[in-house]
Amino acid sequence: MLHKTYLAILSILISFCSAQLSGEEIVIRMNKNPNPSDIKIKFKMTLFSNAKKNKNKKHYRLMEQIEKRYEDGVFNSKLLLRFMEPKEVRGFSLLNWSWVGEKNDDQWLYIPKLRKTKRIRPSDKSRKFQGTEFTYSDFIKRDTNLDKYNLLGSDNFRGNKCFMVEANPINDLSYGVRILWIDDTDYLLRKIEFFDNINEKIKVLEIFDYVKNNQYWTPTKKIMKNLLNGSSTKMEVINVSYDQGLNDNLFSEKYLKRF
Amino acid sequence: MKRIKITITSFLVVSLIQAQFSVSGEINPYAMIRTKDSSKINLPFRLLSLDTGYSFESFDIKINTAVEHRIKTNKSLLDLREAYFAFYPEWGEVKLGKQIHSWGAADAINPTNNANPYDYYYMFKVGAGTKVGVLSLASTYYSDSFQIEIVVNPYFNKNRIPYAEKDFPLAPDNEPKVKYYPNEELEIGVRLQTSLNIGDFSLSFFSGNDRMPSLHTGIFSNESSADISMDLGYRRTAMLGLDFVTFIGDFTIRAESALYETKTGIIENNNRLNNFYVLNEDVIYSQYVFQFEYTTSNDLMFSGQFIGSRTINEDRKWQNNSIESSSGEIIIPDFNPGMGTPFAMFSNKAFLISSSGVFLDDQIDIQGSVMLNLENSGLFYSFGSGYSPILNWKVELAATQFLGSGKPKDPFTLMEDFSHVRIGIMYNF
């Protein structure tokens, strides 16, 4: 009987504490989930256009992504994305350096046909990534300090009870408001609704599956839906490896050109 | 001895097991049909491009070949476009062999990109496809804030010109006999690039030989100054280049400028003829590209390029070596740059507007461009589209139309006959 009472009190305390969490605290908890120092992912993106609701699987992109995260220093992270398929764009690669603070990211594209590395405009991050419904920024972890968070309430997403947190960019016109669905057990991101600058909902990202390898959670299947044109892109992880001790040299123009 | 053999064999076996082989390429048969009379244009094209690679730890071997085919004669030619060895130490990269270098910030038209000659058969292509691979040693050192690249070409290399090609209106009637080849074949290029928060900036230098021959000597009749014979050669040219990319609002600005100084080499009058003259040239000229580009939220890209070239200073005279006097009576032909972008032959001032976009999940790509000759009234416009119903397969349709000023020697007028429609299939593997 006593045991049950303790449990009830504990449960009330936990729910009380949860209710007291602010939007920012929830996001911080989400970000406190263990992150590998580096990650290598091979994934497939399948494109479904509104005109082709027959789920034609032939239009897909096969990509490799390597990312290194920094605990200290001037960089948040460095990321390199490389196209494997379709063959026509094989070797097409993006290099992103994300700086600590408000300094804009640096981005370079390698275009094999031109045999040239092109520096691209940082705000191009809001552009679609190679015909998919994902943008360049969807591949890059956003600094928590760049947004102001507001807890809107709670909702269920595919059986997971989630906090709904509104993220308002503080000083970044290239981003609109986002509403994040973060589950209240593992603090994993389950869904994002993207709004434009006039507060019209434009895209929805739904994360269907997570896999826990060692202490790391990896989203293995997610779908980005464009609400304006009805198209969507499914992203599935084929394989992933963590903490390989990736060398800094891999995130350089030298390696960008080597494939 | 046996131990050495075992060691070498073990090394080779381990290398082969751990190495990565890659094979990729494209098959791209197409036909060019003249818009004027629906006749086929008989020019060679790259039917097959095959890129093979072998990577082992810090080493790469790359071999890029192409099969060039001519539909009318049904003849094919194997072209070893690149074959080089690359080593990637911690500090950078070293490449040795036949290779193509790419310098410059602007798209397609790069006045600073002179380490390789141009292949004029492919002058309307973009990137490495327009260039001829050359034997060279190249090394790049990368630091956090800058990179420096050095290119050394030990041998002289010239542009590939479509001589005596009736279907290419700007082609010379026949291949001229060039008498004077460079005394100094060695070519050296250096490029320093730095990345700042506002963009990338590069400074480049290249010292080499002209890629196009120019008039060097003439033997003239004593009475009338009419030429009896003329001989061509290649001048020595040095280039100083600057290119940068920066961002202003929603626009990306890419600019590139090159300053060239070209000089005729020393020519001896071995014939001891009194009427033997050397065209001594010392000319400074420049070429530049100013490009702005804008990409819409739905991924349509628009760009404008202002392309120009001009002669800044020229000292050109016929000189008679035997009596050390110059002749003002002999007509000096117009100056022709021997190094730099081939687009300079079309116009000294032009504006190129381009647009491209992809639709239906990248199944359809569309490009269009218009080049306006700002000196005369000529222009050309082109439209291209590709449709990819099956992954890695594409059907291509393109049209190019030239409209000249009406003047007979205007390149745009000459190219009117080249206006064509191109139909092809591309398979990537």
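A:Pro112 touches A:Gly91 and A:Phe92 once neighbours within four places in sequence are left aside; contact here means that C-beta atoms, placed from the backbone, lie within 7 Å. This is a predicted model, in which local features need pLDDT of at least 70, side-chain atom pairs count only at pLDDT 80 or more, and totals for chains, interfaces and linings use all residues. Residues are numbered from 1 along each chain as its sequence is written, while chains are lettered from A and ligands numbered from 1 in the order in which they are written.

**A:Pro112 and its surroundings**

- A:Pro112 sits in the loop between β5 (106-111) and β6 (116-120) of chain A; helices (H or I, at least four residues) and strands (E, at least two) are DSSP runs, numbered from the N terminus.
- A:Pro112 counts as partly exposed because 19 C-beta neighbours fall inside 10 Å; a residue is buried with 20 or more other C-beta atoms within 10 Å of its own, exposed with 12 or fewer, and partly exposed in between, the C-beta atoms being placed from the backbone.
- The C-alpha atoms of A:Pro112 and A:Ile223 are separated by 29 Å, and the two residues are 111 apart along the chain.

**Chain A overall**

- Chain A contains three helices and 13 strands.
- Of the 259 residues in chain A, 31% are buried.
- Taking contacts in chain A between residues at least 6 apart in sequence, 41% link residues at least 24 apart.

**Helix α2 of chain A**

- Which residues of helix α2 (residues 23-32) of chain A are buried? They are A:Gly23, A:Ile26 and A:Val27.
- These residues lie on the same side of α2(A), because they cover an arc of only 95° around the axis; the arc is that of the directions from the helix axis to the C-beta atoms.
- The packing partners of the buried residues of α2(A) are β7 (147-157), β8 (160-169) and β9 (178-183) of chain A.

**Backbone details to look at**

- A:Glu85 and A:Pro86 are joined by a cis peptide bond, with omega about 5°.
- A:Pro86 belongs to the loop between β3 (75-85) and β4 (93-99) of chain A.
- A:Asp243, although not a glycine, has a positive phi of about 45°. A:Asp243 lies in the loop between β13 (232-242) and α3 (253-257) of chain A, and is exposed, with 12 other C-beta atoms within 10 Å.
- B:Ala164 is a residue other than glycine with a positive phi, near 55°. B:Ala164 lies in the loop between β8 (146-153) and β9 (178-180) of chain B, and is exposed, with 11 other C-beta atoms within 10 Å.

**Chain B overall**

- Chain B has two helices and 23 strands.
- The C-alpha trace of chain B spans about 75 × 65 × 50 Å along its principal axes.
- Buried residues account for 30% of the 429 residues in chain B.
- In chain B, 59% of the contacts with a separation of 6 or more are between residues 24 or more positions apart.

**Nonpolar cores**

- The largest nonpolar core has 21 residues, and B:Ile109 and B:Ile307 have the most contacts inside it; such a core is a set of buried Ala, Val, Leu, Ile, Met, Phe, Trp, Tyr and Cys residues joined through C-beta atoms within 7 Å.
- In chain B, β14, β16 (276-295) and β19 (349-359) each supply at least two residues of this core.
- Another core, apart from this one, has 19 residues, including A:Phe48, A:Leu81, A:Tyr110 and A:Tyr136.

**Where the chains meet**

- The interface brings 32 residues of chain B into contact with 26 residues of chain A.
- On chain B, β6 (92-99), β11 (199-209) and β14 (236-248) each supply at least two residues of the side that touches chain A.

**Confidence**

- The model scores ipTM 0.83 and pTM 0.83.
- Chain B has a mean pLDDT of 90, with 94% of its residues at 70 or more; pLDDT is the predictor's confidence in each residue, from 0 to 100.
- Among the elements of chain B, β6(B) has the highest mean pLDDT (97) and strand β18 (residues 325-327) the lowest (58).

Technical notes. Contact = placed C-beta atoms within 7 Å.
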